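Hi there,

Here's the structure I promised to pass on to you. Have a look at it first, then read on for what turned up.

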Amino acid sequence: MGVLMSRRQTVERVQKVSLAVSAFKDGLREQPSTRRRAEAGTARQGTLEQEVQEGEEEAVAGPSQPEESSAAKAAWERLRDGRGVEPEEFDRANRFTPPAFIRPKRELHDDEPPDISLEQREQILNDEMCEICEVWTAESLFPCRICHRVYHDGCLRRMGYLQKDSAVEVTETAHTETGWSCYYCDNLNLLLTEEEMYSLMETLKNCKIIPESCLTLDDFLHYKHQVHKQQFERTMPEAQEEQAALQFNALDPDKKGHIEWQDFLSHESIQLLQKIRPQNALLRLLTPKERERARTAFLALDQDNDGFIGEAECRQARHSWFRKHQKEMLSCNVSISHVGPISEGSPASSKNGKSPEKILPATKQEETRSIDWPGFLRENVAYILAARPNSAALHLQPLA
């Protein structure tokens with residue numbers, strides 16, 4: 001009896017499904033199609049054609065709009081998190097997990113003057129293990145010239161931070177005086193706090209700057225004019241416009257007619273730090289390697305060992321030693337953030353017919369003003385930080 005009831009239930013279910021399918025088909029037959037409705041009356045023909053056309057346009061435009069918004073959202077998220085454009089030739093199936101960039105937080109004592117002694121030298125020690133894989137392999141590790149971290153070139157490749165051109169640069173410069181900055185120190189944007197980064201993003205959005213895009217000279221000047229007008233509610237003076245044009249040329253060392261997004265972002269980041277944070281807070285960002293280079297520079301300028309140098313000598317350091325040198329000079333083992341006096345017989349001197357920087361003559365006021373070691377650090381700290389990236393661009397043009 002149980003078996004007969006089971007078969008009966010099965011038959012009833014099949015019949016119900018068949019009835020439902022038949023009713024659905026009958027409803028489709030009774031419902032007039034769009035074409036029949038369009039042919040039924042000429043009065044509604046235009047309206048139907050318009051509806052069909054709008055539907056087709058929505059069908060075409062529909063998928064593209066979410067894609068554009070998602071792409072823009074991803075670009076702004078990369079900007080917020082301090083991550084660059086992901087390389088095109090990137091094997092996602094065989095890669096390490098990218099590091100989580102945690103933005104710094106301001107401390108209560110950040111604005112107090114730090115104790116950076118001129119006489120007490122600091123011992124520079126690099127890590128013994130790779131920052132990524134935490135494995136020690138002796139001489140195959142590449143040290144960062146800014147911080148204490150060291151890396152394997154293979155680990156950098158798997159992370160996507162080392163492409164074809166940069167791989168050669170790291171191999172040739174990591175163990176020389178020129179040095180190489182790791183992906184932490186190369187990105188000046190990572191120095192900003194979350195609040196500072198939010199302020200910068202709002203400024204870029206208000207000025208209609210598209211993230212991860214190149215900027216021409218007109219784009220750069222237009223942006224500078226907008227920022228100046230928003231901040232001071234007046235037009236930018238001609239002298240500042242000329243300085244902005246010089247800054248654009250410094251950010252475009254290869255004379256391509258545009259500046260790369262990462263160089264523009266580094267420039268805006270260091271300028272925002274100058275505006276928001278006091279110099280004492282910027283001094284706390286210097287690493288032991290950077291402080292030691294600054295000591296070397298000051299002691300070389302202090303010829304009489306009285307603890308003071310002239311304004312012209314301080315400006316000379318700003319123009320020559322805390323700046324970026326062109327790519328053709330890298331083979332001469334001249335540091336990108338070189339902080340020692342360039343001798344006449346050195347490869348970077350005028351022997352090659354190209355002076356690394358034209359030093360302007362000092363005025364009488366500059367010759368009389370003396371600068372001590374703490375003042376030297378305060379006036380040069382922004383340029384020391386601006387020399388961190390590996391790019392040949394000059395991210396902070398010294399004032400003439």
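Helix H7 passes H8 in a right-handed crossing. Keep in mind as you read that this is a predicted model. H7 covers residues 217–232 and H8 covers residues 238–251. Their axes are 10 Å apart, and the two helices pack at an angle of about 135°. Since angles over 145 would count as roughly antiparallel, that makes H7 oblique to H8.

If you want to find the contact on screen, look on the H7 side for Leu 217, Phe 220, Leu 221, Lys 224, His 225 and His 228. On the H8 side, pick out Gln 240, Glu 241, Ala 244, Ala 245, Gln 247, Phe 248 and Leu 251. Sorted by class, this contact has seven nonpolar, four polar and two charged residues. Notice the spacing along each helix while you're there. An α-helix has 3.6 residues a turn, so residues three or four places apart point the same way.

Now for H7's other partner, helix H9, which runs over residues 261–276. How do these two lie relative to each other, roughly parallel or oblique? Their axes cross at roughly 20° and come within 14 Å, which makes H7 roughly parallel to H9. This crossing is right-handed too. H7 brings Phe 220, Tyr 223, Lys 224 and Gln 231 to the contact, while H9 brings Phe 264, His 267, Glu 268, Gln 271 and Lys 275. These residues split into three nonpolar, three polar and three charged.

From H6, Glu 196, Leu 200 and Leu 204 take part. They meet Trp 261, Phe 264, Leu 265, Glu 268, Ser 269, Leu 272, Leu 273 and Ile 276 in H9. By class, that comes to eight nonpolar, one polar and two charged residues.

As for H9 itself, the helix has 16 residues and reaches 22 Å from its first C-alpha to its last, close to the 22 Å expected at 1.5 Å a residue. Among its buried residues are Trp 261, Asp 263, Phe 264, His 267, Glu 268 and Leu 272.

Arg 149 sits between strand E1 (141–143) and strand E2 (150–152). Is Arg 149 buried or exposed? Its relative accessible area is 19%, so it falls under the 20% cut-off and counts as buried. Leaving aside residues up to four places away in sequence, Arg 149 touches Asp 127, Glu 131, Phe 142, Pro 143, Cys 144, Cys 182, Tyr 184 and Cys 185.

Finally, the whole protein: there are 14 helices and six strands, and buried residues make up 38% of its 400 residues. Of the contacts with a separation of 6 or more, 72% are between residues 24 or more positions apart.

Cheers

Methods: Residues numbered from 1 in each chain as written. Predicted model: local features only at pLDDT ≥ 70, side-chain atom pairs only at ≥ 80, totals over all residues. Heavy atoms only, no water. Helix = DSSP H or I, 4+ residues; strand = E, 2+ residues; numbered from the N terminus. Buried < 20%, exposed > 50% of the residue type's maximum accessible area, 1.4 Å probe, protein only. Contact = heavy atoms within 4.5 Å. Axes fitted to C-alpha atoms, helices over the stretch in contact; angles between N-to-C directions. Parallel < 35°, antiparallel > 145°, perpendicular 65-115°, else oblique. Left-handed = near helix turned anticlockwise from the far one by under 90°. Nonpolar A, V, L, I, M, F, W, Y, C, P; charged D, E, K, R; others polar. Expected span 1.5 Å × (residues − 1).
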